[in-house]
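This briefing is meant for reading alongside the sequence and the 3D view. Please keep both open while you work through the topics.

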Amino acid sequence: MSTACGGCALAKTPYHSWRTGPLAKGCRLCVRGEKLVLFVTGLCAQRCFYCPISEHKFGKDVVYANEWRVEDPAHPRELLEEARLTRASGAGITGGDPLANVDRCCSYIRLLKRTFGKAFHIHLYTPLRLVTKERLAKLAKAGLDEIRFHPSLDDDTLWPRITLAAAHGWVVGMEIPAVPGYEGKTKKLIDYVADKVSFVNLNELELSDTTAPHYALGGMFEAKDRISYGVKGSQAMALAMLRYARAKGLIGHFCTARLKDRVQVGNRLRRRAQTISLRTDRITTEGTLVRGCAYLHESAPGVNYATRMAALDRTACARVLEELCSTLMGTLGVRLQVDTTKMRIIGGETAIRKHATTIKQFGLVPAIVEEYPTSDALELDVRFL
């Protein structure tokens, strides 16, 4: 689908976004769910008022591979495992500002390339405050494929640092939010980068639930509708900027909130679900898992769940669950297995529903659970039987 606007063609993609040319490789992999999101640090010297980083990450030197916390950043086993489980073809390095720990970035780039091959595509987002010749050279030597600059729209003094990227053989782009009311400043930036970058990405501005102190979007803008975090006016502004960039010879892409929340994340969840699902699980069209579960009373989801789980004697509970699982399989003749992370027994939803009464007689709490196929297996719905 395409519409002619102001003499410049805008094409609507199958991913609920808009483009004026081919997507950058990082984006092509991302929309298919093939990019691992590598949050490399929450440290950042730039305080963008619209940055949605959560209070749990902001200002903290923490690492996450998608939703999975890397417990020991110096030995990131979770990073490699998450890439394997999602069958990732690449990674997008973000933060915070990744350049606040450029040596960690380089170490991870080399590790990923060494483990998954040189074709494993890696792009990185960074503001300009920490950009130097030395840091860019380190990233290029490590094997970074694509760099996306995030210049401040309120301060053009650092914009010349974008030119430093030309010394290396990677793809250079610019990625910023489409902020209603910032049309003039955005045009000024597009004018400046027109001969310095290969593409311009505009992201739909979104409201956030974060309480991090840098965040000041709340009260300034309103949601475009009752079911979206997207800001009213952001899409119209982005499409106008795409036309403007196209007239300057730049290809562009407008990434909507729906693309990020539904398409990109949904595709990645489905890929992970296909890898980790048990034979007894049902994978939904959204990529979540539906499974039958039998919990110990002390580990069943509900009031004070986190506190109760923290207080469990996990070794003793695991031993009890293994004994009960073995007995139930012999009694019921169904496939079951113990999950020692959530301290429960997992089986098919039909089997658990059918044998709920017997399961209760063994002192367990049966339930049908829908959860994300992520490392934390976050529950979306728990229906006790």
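This is a predicted model: local features need pLDDT of at least 70, side-chain atom pairs count only at pLDDT 80 or more; totals for chains, interfaces and linings use all residues.

Residues are numbered from 1 along each chain as its sequence is written, and side-chain values use heavy atoms, with hydrogens and water left out.

**The second largest pocket**

- On a 1 Å grid over the protein atoms alone, a pocket is an open set of points with protein on both sides within 12 Å along at least five of seven lines, whereas a cavity is a set of points where a 1.4 Å probe fits but cannot get out; lining residues have an atom within 4 Å of a point.
- The second largest pocket has a volume of about 710 Å³, a volume being the space filled by probe spheres set on the points, which are joined across faces, edges and corners.
- Its lining is made up of 28 residues, and T341, T374, S375, D376 and A377 are those that lie nearest the centre of the pocket.

**The largest cavity**

- A search of the whole structure finds one cavity of 30 Å³ or more, and the largest cavity holds about 40 Å³ of space.
- The residues that line the largest cavity are P22, L23, A24, F199, V200, N201, I251, G252 and H253.
- Strand 11 (199–204) and strand 12 (251–255) are the elements that give two or more residues to this lining, where strands are DSSP runs of E with at least two residues, numbered from the N terminus.

**Strand 17 and its partners**

- Six of the seven residues of strand 17 (residues 365–371) are buried, so this strand is largely enclosed by the rest of the structure; buried means under 20% relative accessible area, with a 1.4 Å probe and protein chains only.
- Strand 14 and strand 17 run antiparallel and are joined by seven bridges, and two strands pair if DSSP finds at least two bridges between them.
- Strand 17 also pairs with strand 18 (residues 379–384) in the antiparallel sense, over five bridges.
- E370 in strand 17 stands opposite V290, and the bridge partner of E370 in strand 18 is D381.

**T126**

- T126 belongs to strand 8 (residues 121–126), and T126 is buried, with a relative accessible area of 0%.
- The side chains of T126 and D97 are joined by a polar contact of 2.9 Å, a polar contact being a pair of N or O atoms within 3.5 Å; within protein, one must be able to donate a hydrogen and the other to accept it, and residues adjacent in sequence count only if both atoms are side-chain atoms.

Terms used:
Buried means under 20% relative accessible area, exposed over 50%, partly exposed in between (1.4 Å probe, protein chains only). Helices (H or I, at least four residues) and strands (E, at least two) are DSSP runs, numbered from the N terminus.
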